[in-house]
Amino acid sequence: MAQFDLPLDELRTYRSASTEPEDFDAFWAKTLQEAREHDLDARFDRVDLPLKTVTVHDVTFAGFGGHPIKGWLTVPAWANSPLPTIVEFIGYGGGRGLPHTHLLWASAGFAHFVMDTRGQGSAWGGGETPDPVGSAPAFPGFMTRGVEDPGTYYYRRLYTDAVRAVEAVRSHPLVDPARVAALGTSQGGGITIAVGGLVPDLAAIAPDVPFLCDFPRAMTLTDRAPYREIGNYLKTHRGRSEQVRRTLSYFDGAHFAARGRAPALFSAALEDQTCPPSTVFAAFNAWGHEDKEIEVYDFNDHEGGGPYQQAAQLRWLPERV
């Protein structure tokens, strides 16, 4: 697929037309306050694996509603004092998988925590965290679960889990709480941006071809899933477009980005039909910290830079975390 979105010079100045709710900050303050009424109850159980260079802990902590959320914490085997730490969020449909698939960041000298995604992990990776909250009728996938009210929307639970994941990993003795960065690809990148707007003292973020940004443009520009789930829902539930758009405005990466207070390394792919480049630039251009960069992959689709972007992160993050 050739480039289909705005030219690069226009992308660099593009701004989202998404309208921020007046009670955006109050909504999220209340949501996180309610989550923190539950004991974080972070547990780190050492896993016996035939891995010689790292140690792995099976993690459980209380996320939204006090629901148990899983994850893996991997640290270099030689570690005996607090380390800079990467918190990673997973792409759409995936789960935390097996520990030996998460060795990159520990190999670079970081502690690395990968959060399982509630209710996902059956498309790839393998997940172990259920979502015990039901919803009204929704189109298959996760984009429209509870979408008619921001209080019931699926991503309210998931973004809250992600903030609590940062809090949980900071409680481990081998984690330096002042040197924690967040990153992820696609859905994981969108969650990273949300966490960057909700957690004011992260050391850095690195969202890679992020999803969940600039909903008004994304849901009308691309017919590829997952954004297309929203259009398919509205094809059946006629007359609810404004109600759905209002809900989505509470979860738009462009609004979280305006609250970002950490250095940021983004990436965008100019042939990306899953997360169109204008939607990524909407968040990047709104990001609130002056130390921000974006890697652009001009002939790539949603795979973006792949290992090349990981190499860019490996160069960029150690100077900031």
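Predicted model: local features only at pLDDT ≥ 70, side-chain atom pairs only at ≥ 80, totals over all residues.
User: Which peptide bond is cis, with omega near 5 degrees?

Analyst: Look in the loop between α6 and α7 (228-236), where Pro226 lies. The cis bond is the one from Ala225 to Pro226.

User: How many helices and strands does the protein chain have, and what is its radius of gyration?

Analyst: The chain holds 11 helices and nine strands. The radius of gyration is taken over C-alpha atoms, and the globule rule is 2.2 Å times the number of residues to the power 0.38. For 321 residues that rule gives 20 Å, and the chain comes close to it, so it is as compact as a globular protein of that length, with a radius of gyration of 18 Å.

User: What percentage of the residues count as buried?

Analyst: The C-alpha trace spans about 55 × 40 × 35 Å along its principal axes. The chain exposes about 12,900 Å², 51% of it from carbon and sulfur atoms (Shrake-Rupley method with a 1.4 Å probe; for residues, only the protein chains shown count as cover). Of the 321 residues, the buried share is 59%.

User: How far apart are the mean positions of the positive and negative charges?

Analyst: Lys and Arg count as positive and Asp and Glu as negative, leaving out His and the chain ends. Each charge is placed at NZ of Lys, CZ of Arg, CG of Asp or CD of Glu. For the 29 positive and 40 negative charges, the mean positions are apart by 3 Å.

User: Why is helix α10 described as largely enclosed, and which elements are among its cover?

Analyst: Helix α10 (residues 277-286) is largely enclosed by the rest of the structure because 10 of its 10 residues are buried. Among them are Pro277, Phe281 and Phe284. With contact meaning heavy atoms within 4.5 Å, the cover includes α1 (8-11), α5 (187-198), α6 (215-221), α9 (253-257), β8 (264-269) and β9 (292-297).

User: How far is the sulfur of Cys213 from the nearest cysteine sulfur?

Analyst: A disulfide is a pair of cysteine sulfur atoms within 2.5 Å, and by this rule the count is zero. Cys213 is in no disulfide, and it is buried because its relative accessibility is 0%. Its nearest cysteine sulfur belongs to Cys275, at a distance of 7.7 Å.

User: Which residues does Thr117 touch, beyond those up to four places away in sequence?

Analyst: Thr117 is in the loop between β5 (111-115) and α4 (154-169). Its relative accessible area is 0%, so Thr117 is buried. The residues it touches are Ile90, Gly94, Thr129, Tyr154, Leu158 and Gln187.

User: And which residues does Glu20 contact, leaving aside neighbours within four places in sequence?

Analyst: Glu20 lies in the loop between α1 and α2. It is partly exposed, because its relative accessible area is 34%. The residues in contact with Glu20 are His255 and Arg259.

User: Last one: what distance separates the C-alpha atoms of Leu234 and Val244?

Analyst: Leu234 belongs to helix α7, and it is buried, since its relative accessible area is 16%. Val244 is one of the residues that Leu234 touches. The two are 10 residues apart along the chain, and their C-alpha atoms are separated by 8.6 Å.

Key: Residues numbered from 1 in each chain as written. Heavy atoms only, no water. Helix = DSSP H or I, 4+ residues; strand = E, 2+ residues; numbered from the N terminus. Buried < 20%, exposed > 50% of the residue type's maximum accessible area, 1.4 Å probe, protein only.
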